[in-house]
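Please look over the sequence and the model shown here, and then follow the notes below topic by topic.

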Amino acid sequence: MAGEPQDDCLFCKIVAGDVPATIVRETETTVAFRDINPQAPTHILVIPKAHYENAATLAAGAPQLAADVLAATQAVADEEKLDSYRLVFNTGSGAGQTVFHAHAHVLGGRGLQWPPG
């Protein structure tokens with residue numbers, strides 16, 4: 001069920017403290033941690049503490065929580081002193097989503113090419 005922790009979700013386990021992560025920021029509704037397979041010098045994931053499968057279900061089911069995730073991405077970028085950065089939400093396996101818990105990638109610290117991928 002949307003919003004409820006899922007026993008088989010890696011990110012729900014990080015939120016619960018059952019799986020270690022390098023947490024860089026935490027709010028009442030979000031957690032931000034360093035990606036274990038960074039694609040840029042700064043690569044931080046920002047997730048809602050509540051489980052939503054992807055950005056689309058998060059936006060539809062909990063728009064204020066989606067806004068909290070976006071606000072947390074800006075705070076992370078500020079704390080990391082990123083003048084510019086890329087914010088990515090992969091939605092669905094065809095787009096590269098591998099953990100089905102909504103999350104934003106904050107990527108920075110080097111030039112990023114366009115188009116991506």
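This is a predicted model: local features need pLDDT of at least 70, side-chain atom pairs count only at pLDDT 80 or more; totals for chains, interfaces and linings use all residues.

- An open sheet is formed by 5 strands, which follow the order E1-E2-E3-E5-E4 with antiparallel pairing.
- Strand E1 (23–26) and strand E4 (85–88) are the edge strands, each of them pairing on one side only.
- On average, and with direction ignored, neighbouring strands of this sheet are turned by 20° against each other.
- E1 and E2 make up a hairpin in which 3 residues lie between the two strands, and these antiparallel strands are joined by 3 bridges.
- Isoleucine 23 has phenylalanine 33, in E2, as its bridge partner.
- Between E3 and E5, which also run antiparallel, there are 5 bridges, and threonine 42 stands opposite glycine 108 in E5.

**Helix H3 and the sheet**

- H3 lies across E1, strand E2 (30–34), E3, E4 and E5, and the helix runs at about 155° to E3.

**The nonpolar cores**

- The largest nonpolar core has 16 residues, of which Val46, Tyr52, Leu58 and Val76 touch the most other members.
- Strand E3 (42–48), helix H3 (63–79) and strand E5 (104–108) are the elements that give two or more residues to this core, and the largest share, 6 residues, comes from H3.
- Apart from this core lies another one, of 9 residues, which includes Cys9, Phe11, Leu45 and Val99.
- Once its neighbours within four places in sequence are left aside, valine 46 is in contact with Val31, Ala32, Val69, Ala72, Thr73, Val76, His103, Ala104 and Val106.
- As a general background, nonpolar side chains in soluble globular proteins tend to be buried together.

**Leucine 112**

- Leucine 112 counts as partly exposed because its relative accessible area is 26%, a value that falls between the limits of under 20% for buried and over 50% for exposed.
- Leaving aside neighbours within four places in sequence, leucine 112 is in contact with Arg86 and Leu107.
- Although leucine 112 and arginine 86 are 26 residues apart along the chain, their C-alpha atoms are separated by 7.8 Å.

Note on methods:
Residues are numbered from 1 along each chain as its sequence is written. Side-chain values use heavy atoms; hydrogens and water are left out. A nonpolar core is a set of buried Ala, Val, Leu, Ile, Met, Phe, Trp, Tyr and Cys residues joined through side-chain atoms within 4.5 Å. Buried means under 20% relative accessible area, exposed over 50%, partly exposed in between (1.4 Å probe, protein chains only). Helices (H or I, at least four residues) and strands (E, at least two) are DSSP runs, numbered from the N terminus. Contact means heavy atoms within 4.5 Å. Two strands pair if DSSP finds at least two bridges between them. Axes are lines fitted to C-alpha atoms, for helices over the stretch in contact, and angles run from 0 to 180 degrees between N-to-C directions.
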